[in-house]
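Hi,

Here is the structure I promised to pass on.

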Amino acid sequence: MPAARSDQPPRAWQRMLSGRRLNLLDPSPLDVELTDIAHGLARVARWNGQTFGDHAFSVAEHSMIVEDIALMLKPDLPPHWRLAVLLHDAPEYVIGDMISPFKAVIGEAYKAVESRLQGAIHLRFGLPAEIPLSVKKLAKRADIICAYFEAVELAGFEDGEAARIFGRPRGFPLNSDGKLRYGLEPLPVKIAQKKFMERFELIDTLRETGNKRKSPHGNG
């Protein structure tokens, strides 16, 4: 194989199993496929894999739980914004789940790549590239609540330590031991992938019904 020419820019696209080539510098919504997202997120481990259990706790499973929690916090959340919450970590199917401390080290460069990918993903599935701040805040709140439960149930954190970092969730019942727990159980890859696809399709069906009455680009 001939060596790559030194005057050529480095390759910035990744080939997906769907056959799409997604350019990280200029991602096109046309190169985003749900099957690639579900496949990738089911194989990306939260906490860099430093969790208890026979299986990694995947970003796919995390995303579904965050969507569950968001719906608990706001039961009237419209399906199109439920979809946005489910996809809140979707760029990680391309760039992986970088732990927060490392994101802080890299800074704005990571955020720029993530933002471009997120915008392309939103457009691919009929959402505005930039979702409302209220939806972002809801997703972030649900994400932090989920992170607390992941920390104490899977990542070896003490309750007090997790509470200092993430805050103690409110409105969740204590378990039989008097502890605040969600009941997380890491799923095998294939099951996480299948369940993510099913969740997306369920919400998308609800969204299609709702779209006959209201556009996701409105204020709903």
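Helix 7 (133–153) gives the most to the lining of the largest pocket, with eight residues. Helices here are DSSP runs of H or I with at least four residues, numbered from the N terminus. Bear in mind that this is a predicted model, where local features need pLDDT of at least 70, side-chain atom pairs count only at pLDDT 80 or more, and totals for chains, interfaces and linings use all residues. Residues are numbered from 1 along each chain as its sequence is written, and side-chain values use heavy atoms, with hydrogens and water left out.

Back to that pocket. Its space comes to about 1200 Å³, a volume being what is filled by probe spheres set on the grid points, which are joined across faces, edges and corners. A pocket is an open set of points on a 1 Å grid over the protein atoms alone, where a 1.4 Å probe fits and protein lies on both sides within 12 Å along at least five of seven lines; lining residues have an atom within 4 Å of a point. There are 35 lining residues, and D89, K103, E114, K140 and D143 are the closest to the centre. Besides helix 7, the elements giving two or more residues to the lining are helix 3 (79–86), helix 5 (100–106), helix 6 (108–124) and helix 8 (159–166). The lining splits into 16 nonpolar, seven polar and 12 charged residues. For those classes, Ala, Val, Leu, Ile, Met, Phe, Trp, Tyr, Cys and Pro are nonpolar, Asp, Glu, Lys and Arg are charged, and the others, Gly among them, are polar.

Helix 7 also packs against helix 2 (residues 59–73), at an angle of about 120 degrees and with the axes 8 Å apart. Axes are lines fitted to C-alpha atoms over the stretch in contact, and angles run from 0 to 180 degrees between N-to-C directions. This pair is therefore oblique; under 35 degrees counts as roughly parallel, over 145 as roughly antiparallel, 65 to 115 as roughly perpendicular and the rest as oblique. The crossing of helix 2 and helix 7 is right-handed, meaning the near helix is turned clockwise from the far one by less than a right angle. On the helix 2 side, H62, I65, V66, I69, A70 and L73 meet L138, A139, R141, A142, D143, I145, C146 and E150 of helix 7, contact being heavy atoms within 4.5 Å. That contact has 10 nonpolar, one polar and three charged residues.

How does helix 7 sit against helix 8, and at roughly what angle do they cross? Their axes come within 9 Å and cross at roughly 160 degrees, which makes the two roughly antiparallel. I144, A147, Y148, A151 and V152 of helix 7 touch D159, A162, A163 and F166 of helix 8. Eight of these residues are nonpolar, none polar and one charged.

Helix 2 has a further partner in helix 3, with axes 8 Å apart and an angle of about 140 degrees, so these two are oblique as well. S63, M64, V66, E67, A70 and L71 of helix 2 face R82, V85 and L86 of helix 3 in that contact.

One last thing to look at is the loop between helix 1 (34–41) and helix 2, where W47 lies. W47 has a positive phi near 60 degrees, though not a glycine. N48 is in that loop too, with phi near 55 degrees.
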